[in-house]
Amino acid sequence: MSATGHIEKLVRDRIPEIIRASGATPDARVAAEDEYATLLRAKLHEEVAEYTAENDPAELADILEVLHALAALHDLTPEKLEALRAAKASERGGFQARMVLQVPTPPPHPTQTP
């Protein structure tokens, strides 16, 4: 929450322009460089939650847009990111086989009571 008592969230670049075109005045600012990564990570959580709640495949485009922005922070172009994805898929596979692994539940911590 900002100092003005408003919730702040990262939005797509043209959102203030779209708000102005509707006749309203957006209350927007440019994120500082040191807060941008944090805002992008929060946006990723927001977009994933929207996809999970709505199961709308169009939300995947929003997730991908945020992933590209996060990748750019690491100097990864979409092509480099895809190369990393492909390398991992080649080494470990993808998710097409729908493989589910049974993972043992860790024992409770000695200080916890069952």
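## Helix α2 and K43

K43 lies in helix α2 (residues 33–54); helices are DSSP runs of H or I, at least four residues, numbered from the N terminus. This is a predicted model, where local features need pLDDT of at least 70, side-chain atom pairs count only at pLDDT 80 or more, and totals for chains, interfaces and linings use all residues. Residues are numbered from 1 along each chain as its sequence is written, and side-chain values use heavy atoms, leaving out hydrogens and water.

Is K43 buried or exposed? K43 counts as buried because its relative accessibility is 12% (buried: under 20% relative accessible area; exposed: over 50%; partly exposed: in between; 1.4 Å probe, protein chains only). Leaving aside residues up to four places away in sequence, K43 touches K9, L10, V11 and V66. Contact means heavy atoms within 4.5 Å.

## Nonpolar core

The largest nonpolar core has five residues: L10, L40, V66, A69 and L70. Helix α3 (residues 59–73) gives the most to this core, three residues. Such a core is a set of buried Ala, Val, Leu, Ile, Met, Phe, Trp, Tyr and Cys residues joined through side-chain atoms within 4.5 Å.

V66 has contacts with L40, K43, L44 and E47, again not counting residues up to four places away in sequence.

## Y51

Y51 also sits in helix α2. Y51 is partly exposed, at 27% relative accessible area. Beyond residues up to four places away in sequence, Y51 touches D56, P57, E59, L60 and I63. From Y51 to R41 is 10 residues in sequence and 15 Å in space, C-alpha to C-alpha.

How values were computed: Helix = DSSP H or I, 4+ residues; strand = E, 2+ residues; numbered from the N terminus.
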